[in-house]
Amino acid sequence: MNGVAAVMTAPHTLDLREFPVPDPEPGGVVLNMIRANVCGTEVHIARGHHPLIKPGCVLGHEGIGRVAALGEGVTTDFAGQPLHEGDRVVAAYFSVCRRCPQCNRGDWSLCSNAYSRWSQPAERAPHFFGTFGTHWALGRDQYVYRVPDSVSSKAASSANCALSQMVNAMAAGKVSAGDRLLLLGAGGLGLCAAALGREAGAEVYVAEMTATRLPKAERFGAHHTVDLSLAADGEERIAMIRELTDGGADVVVDLTGVPSAFAEGVQMVRPAGRFVSVGSVSPKHYAQFDPGLFTRSGVTMQAILRYPPYMLSRAVNFLAATPHYPWEELVDADYTLAEAGEAIQAAEDRKVTRAALIMDED
């Protein structure tokens, strides 16, 4: 039996290619994909900005699938729940080898071999290294979790990576009750973070340059929304936020991927507050930065790349525990696999919060 995967052949160019569906490797799982979402990372990859995911690779890292086959030795998911063919699951898109210096220190999200599968060319077996395809071949070092029946596939499709990434960001920022939490960006990551911050007891501010995104942030728990496009420049944006937050937020999380927003965001934190950088994932894009001002601020800066894989389990549990948020609204545009290029373009043009590719709607 053959399946189909969307392969990037050049920046902004995708090709649907047919490959034989592999048997699962020992300890691995092969999925029939149900849905795959277009994360902001796909936009960076499509531009040719990712340091590891290059032409020849299968795109996609977020989504949900159904177990097609279990590899030798696999009887449960990584939380110990029984796993069977036909179960819906979400999986970490990266590997955790547990054998490199980073893993040995406990820095699993920075595993040296994290993209040892995803960065492989699609021509190499088992071919289906990304979520943009009819199948996804998971290795033994990719954490897999069963999705509860109470959570729809559409809602669960953002658990990895959007929600899990924000679970990690909230932990890194030590967000707690009473904190003023400022989220720069109201895309999928910002909406997930708004819900997490609200449930943690923080006062949540969501700031955006695209004002049409802000009403949805309120439905995901934001107490305050800020239209940054009303400011004339960066200095006015900083002043606007500092005034609204009475001198600066306790925690600022930058989700924009815009270098200038990084430099401005550090100045939106109160003295001795916390700044968490998530959105800027493409190297060699620079911003002006004042290290003297930063030193005098006493601000703690934390970089977040991926997440410890067990946080995916927390994300799934959070979805099940918070049905009062409109989780399905994170995904607001559906496309076919053949329309993957259009879906990425819609995300790049900020016409959608999160586009989805539908492979096998259940």
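Q: Let's start with R98. Is it buried, partly exposed or exposed?
A: R98 counts as partly exposed, because its relative accessibility is 38%. Keep in mind that this is a predicted model.

Q: Which residue does R98 meet in a salt bridge?
A: That would be D141. Their side chains come together at 3.2 Å, N to O. R98 sits in the loop between β5 (88-91) and α2 (101-104), while D141 is in the loop between β6 (135-138) and β7 (144-146), so the pair ties together parts that are 43 residues apart in sequence.

Q: And D141, buried or exposed?
A: Buried: D141 has a relative accessible area of 14%, and the cut-off is under 20%.

Q: Why would two side chains like that pair up at all?
A: Opposite charges can pair when the charged atoms come close.

Q: How many salt bridges are there in the whole structure?
A: A search of the whole structure turns up 17.

Q: Which residue does E208 meet in a salt bridge?
A: E208 meets R350, at 2.8 Å from N to O. E208 is in strand β9 (residues 203-208) and R350 is in the loop between α11 (340-348) and β15 (355-358), so this pair ties together parts that are 142 residues apart in sequence. E208 is buried, with a relative accessible area of 3%, whereas R350 is partly exposed at 36%.

Q: What about the backbone of R350, what is its phi?
A: R350 has a positive phi of about 60°, although it is not a glycine. K174 is another residue to look at: its phi is positive too, about 50°, and it isn't a glycine either. You'll find K174 in the loop between α4 and β8. K174 is exposed, with a relative accessible area of 62%.

Q: While we're on the backbone, where are cis peptide bonds found?
A: One goes from A125 to P126, with omega near 10°. P126 is in the loop between α2 and β6. Another cis bond joins N160 and C161, where omega is about 20°. C161 belongs to helix α4 (residues 159-172).

Q: New topic: rings. How many aromatic pairs are there?
A: The count comes to 15 aromatic pairs. Take Y325 and W327: their ring centres are 5.9 Å apart and their planes are at 70°, so the pair is edge-to-face. Both of those residues are buried.

Q: Which rings link into a cluster?
A: Ring pairs link Y93, F94, Y115, W118 and Y307. R306 comes in here as well: its charged end sits over the ring of F94, 5.8 Å from the centre. R306 also lies over the face of Y115, at 4.9 Å from that ring's centre.

Q: What's W136 doing?
A: W136 is in strand β6 and counts as buried, at 1% relative accessibility. W136 and V30 are 106 residues apart in sequence, but their C-alpha atoms are 5.8 Å apart in space.

Q: Which residues of α8 are buried?
A: In helix α8 (residues 259-266), those are A261, A263, E264, G265 and V266. The buried residues of α8 pack against several elements, including α7 (234-244), β11 (249-254) and β12 (269-277).

Q: Okay, zoom out. How many helices and strands does the chain have?
A: The chain has eleven helices and 15 strands. Its C-alpha trace spans about 60 × 40 × 40 Å along the principal axes. A compact globule of 362 residues would have a radius of gyration near 21 Å, and the chain's 20 Å agrees with that.

Q: And how much of the chain is buried?
A: Buried residues make up 55% of the 362.

Notes:
Residues numbered from 1 in each chain as written. Predicted model: local features only at pLDDT ≥ 70, side-chain atom pairs only at ≥ 80, totals over all residues. Heavy atoms only, no water. Phe/Tyr/Trp six-rings, centres within 6.5 Å; stacked < 30°, edge-to-face > 60°. Buried < 20%, exposed > 50% of the residue type's maximum accessible area, 1.4 Å probe, protein only. Lys NZ or Arg CZ within 6 Å of the ring centre and 35° of its normal. Helix = DSSP H or I, 4+ residues; strand = E, 2+ residues; numbered from the N terminus. Rg over C-alpha atoms; globule rule 2.2 N^0.38 Å. Salt bridge = Lys/Arg side-chain N within 4 Å of Asp/Glu carboxyl O. Contact = heavy atoms within 4.5 Å.
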